[in-house]
Each structure stands twice: as C-alpha cells, then as structure tokens.
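Here is my note for your first look at this protein. Please keep the structure open as you read.

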Amino acid sequence: MSLHLTLTRRAGALAAGAVLLALAGCGTHSDKRTDEALGTQGAVKPPARPADVNGLPGMPPVLDPKDVYAADRPNQLSPVVKDFPSRVYVPNTSSNTVSVIDPKTYKVIETIPVGTQPQHVVPSWDLKTLWVNNDKGNTLTPIDPRTGKAGKPVDVHDPYNLYFTPDGKYAVVMASLDRELVFRDPHTMKRVKTEPVTCYGVNHADFSMDGRYFIVSCEFSGELLKVDTEKMKVVGQQKLPFGGAMPQDVKMSPDGKTFYIADMMANGVWVLDGEKFTEPTLLPTGKGAHGLYVSRDSKEMYISNRGEGTISVFDFAKGKVGKKWKLPGGGSPDMGGVSADGKVLWLSGRYNSEVYAIDTGSGKQLARIPVGSGPHGLAVYPQPGRYSLGHTGVFR
C-alpha cells in the first residue's frame, strides 16, 4: 500500500490520452476484439462441456464452472503474449522508476524513469500493454511488453490502482484519495463514469466468476464495497468487524464461492461470501497480511505477510494454512505474482529496496535482488490466461 496514509485530496487536471491509440494494444473497439485480443483459438483448450455460468454480456465464457483459474495453467500462454520476453517489472514508489528484471539471471537489466510514486504495473485486458500507475504524478505510463519501451504518459488523476471489467469494456481506476471508482475507456483512458464512494482508500478488487459484480477493499476506513459491474454502481458496503482493520488485496476462490481479503492490521485474511455479502470471518495468517496469489494448479494461495517476512500457503481444499515460509534474514514481502511455469513466486520487498524470488515447491528463497526505493506492485509478465482483470496480473 502507499507509504503515506495521508488523506489529503490531491488536485490535478484530467485529460484524455488519445495519443496512445498508436501504441501496441491501444486500438479501438471492434466486433472481433474478443477473439483477436484473447487468442482464444490457441491459448487454452475448451472444456468438454460448455460452462453453465450466466456471465456478464461480452465476457469470454467461463472455461470451467468449478475453477475460474482454468485458463491459468503452467505455460498456457495466449498467442498474444507467447513471443513476449519474460520479465519482472518493479515499480519503485520512492525512486519514480520501474526496475526490469530478467528472471533467468535474477539481474536488473534496465531501469525505466516514470512518473511520481508509481504504485503498480498493470497488464491491460487485451494483454498488449503494461500500465504503470503513477499515483501522485496523476498519470499512467504505458510500456510495450514486446519491446520493453515506455510510451507517452496519459493524464489520469489519482491512479492508485487499475482494473478492467471482464468484458474488456472499461478500465476501473481506484482513485484512492479522491474517493472514487472511475470507469474509463480501456485504451484512451477517457473518463466514462465516476462512482463516488463514502469509504476511504479504495485500493484492491476482484470480480465474481460471472463477472457481474466485484468486491473492493477500502484500506483507510476498514470497509468493503460490492459493485455492480454493468451498472457501474456500488450496491453494498460494510465495515469489517475489527478495530483498525486495513484490508488490502482481494482474491476469489477457484470455485467462485468465496472472496479472500488480506488485512495488514488484523494479521490475516477475511473470508467473505460475495453473493450474500454477509459479515466475513477472519483467518489468521501472519503479521501484515498483504498480497494474495493463486498457484498454477488452483490448489493453493500464497499470502505475503509483510510485517514478519513470511509467506503463508493456504490450502483451498482444507480451508486452512498448511505451510509458512520464512525469508532468510527477514524482509517485507508485499505485492507480486507467480511465474508462467508456476515454479517461482515473485514479491517486492517494500521496505528493503529488494525483490524476492521464492521456489513454490520448497519455499526456498532463490534470489534477493536489489532494486529502487519502495518497490511495490510488481508484475511478472507474461503469464498464462486469456485476459487480464488488472492489478499486478489477475488472469482468466
């Protein structure tokens, strides 16, 4: 999360970024957009039977109603990204740069200057662009993952985090301090609709299996929102039952029945029924629970505990934490992602100016790589999946 918990409203001008239409991945909408962008003909084999899920209109069909992550199996890359070089992109919030790591050598091979306080590197819905969220710079910097080159920044106010609706129709900017969910054109980033919120610090989210709603965490006021995707409207709000709660990352269970919300002050993960949106229960995991990442076989979820330098491994079938890995020498594991083959978990070390590479089979630290100051929402790219829902890479 942001290094400063100030709630001071920032001012700035908002302008459309139509100049990015020429950038790879920033084309206009077309009737054939879904098939062309997702490469559905070759990325993932369809199930034997059609999925019985009444999805959001325009959303690619759910491959398996028992596993929303069925498209995310090891190395099942979409044709759109299969020729992209494998890289780890690390936004350094205090250095105003993005460190680019070659995962084969564990070395930083390039440092890209970006705007002020970059928080996350976010893959676009069509998989063709990486957006750097320059929160206090009030811009998004596009990076072409094929070449690794940055394009011209787009003016977007308070872009703390960025998501995309499952139909690819809108980008959703988490304007944390502006207290807004801003729905924008996913290519030009032109504002389409603004949904004001009454909670403080909207930051992370995930979508239901059918894509018809999403759950949002509000860090500074310890609340959760339920948002109707099609109406672009908040339809539910609740306060977490813990004094001083600070919810962070949000992730849905493979079967689509449960949302998990990391909480850095409650030192665990909230377990929520998204459909009923009733009061969640707390699952203790470790001090400073922060990021949530599902394994490539959909059996486990890695939970980074930033306050104690550990990673808890949650077993979906058993409904409990089965293992806990400790970083040698400690650290501050924050946000990240899983490698395309599923063998390495990559996490930023928020307060240690470093990145951790962790073996998902043994929990052993493979590398500790120096980067800029305040590394945050790093993106491992490319990853398997047909399309991106945003954040550091939520693929389906």
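Predicted model: local features only at pLDDT ≥ 70, side-chain atom pairs only at ≥ 80, totals over all residues.

The numbered points below go from the whole chain to single pairs of side chains.

1. Confidence. The average pLDDT of the protein is 90. A score of at least 70 is reached by 87% of the residues. Residues 1-50 need care: over this stretch the pLDDT is below 50. The stretch still has 123 contacts in the model beyond near neighbours in sequence.

2. Overall make-up. The protein has 29 strands and 1 helix. It has 396 residues, and 62% of them count as buried. Its accessible surface is about 14700 Å². Carbon and sulfur atoms account for 51% of that surface.

3. Contacts along the chain. Take the contacts between residues at least 6 apart in sequence. Of these, 52% join residues at least 24 apart.

4. The nonpolar cores. In soluble globular proteins, nonpolar side chains tend to be buried together. Here the largest nonpolar core holds 63 residues. Leu162, Met174, Met189, Val202 and Phe214 have the most contacts inside this core. A second core is separate and has 16 residues, including Val100, Val121, Val132 and Tyr381.

5. Met174 up close. Which residues is Met174 in contact with, leaving aside its neighbours within four places in sequence? Among them are Val202 and Phe214. Others on the list include Asp158, Pro159, Tyr160, Glu180, Leu181 and Val216.

6. Find strand β27 (residues 354-359) and strand β28 (residues 365-370). They pair in the antiparallel sense, over 5 bridges. Glu354 stands opposite Pro370 in β28. The hairpin has 5 residues between the strands. Gly363 takes a positive phi there, near 85 degrees.

7. Side chains of opposite charge can pair when their charged atoms come close. The count of salt bridges comes to 10. One of them joins the side chains of Lys323 and Glu300, at 3.4 Å from N to O. Lys323 lies in strand β24 (residues 320-326) and Glu300 in strand β22 (residues 300-305), so this pair ties together parts 23 residues apart in sequence. Are the two partners buried or partly exposed? Lys323 has a relative accessible area of 34%, so Lys323 is partly exposed. Glu300 counts as buried because its relative accessibility is 19%, and the cut-off for buried is under 20%.

8. Lys324 and Glu308. These two also form a salt bridge, with the closest N and O atoms 2.9 Å apart. Lys324 is in strand β24, while Glu308 is in the loop between β22 and β23 (310-315). They are 16 residues apart, and the pair links distant parts of the chain. Lys324 is partly exposed, at 44% relative accessible area. Glu308 counts as partly exposed too, at 25%.

9. Arg350 and Asp334. Their closest N and O atoms are 3.8 Å apart, and they form a salt bridge. Arg350 sits in the loop between β26 (344-349) and β27, and Asp334 in strand β25 (residues 333-338). The pair links distant parts of the chain, 16 residues apart. Where does this pair stand on burial, buried or exposed? Arg350 counts as buried, at 1% relative accessibility. Asp334 counts as buried as well, at 0%. The pair also belongs to a network: Arg306, Asp334 and Arg350 are linked by salt bridges.

Key
Residues numbered from 1 in each chain as written. Heavy atoms only, no water. pLDDT = per-residue confidence, 0-100. Contact = heavy atoms within 4.5 Å. Helix = DSSP H or I, 4+ residues; strand = E, 2+ residues; numbered from the N terminus. Buried < 20%, exposed > 50% of the residue type's maximum accessible area, 1.4 Å probe, protein only. Areas by Shrake-Rupley, 256 points an atom, 1.4 Å probe, with all protein chains shown as cover. Core = buried A, V, L, I, M, F, W, Y, C linked by side-chain atoms within 4.5 Å. Pairing = 2+ DSSP bridges. Salt bridge = Lys/Arg side-chain N within 4 Å of Asp/Glu carboxyl O.
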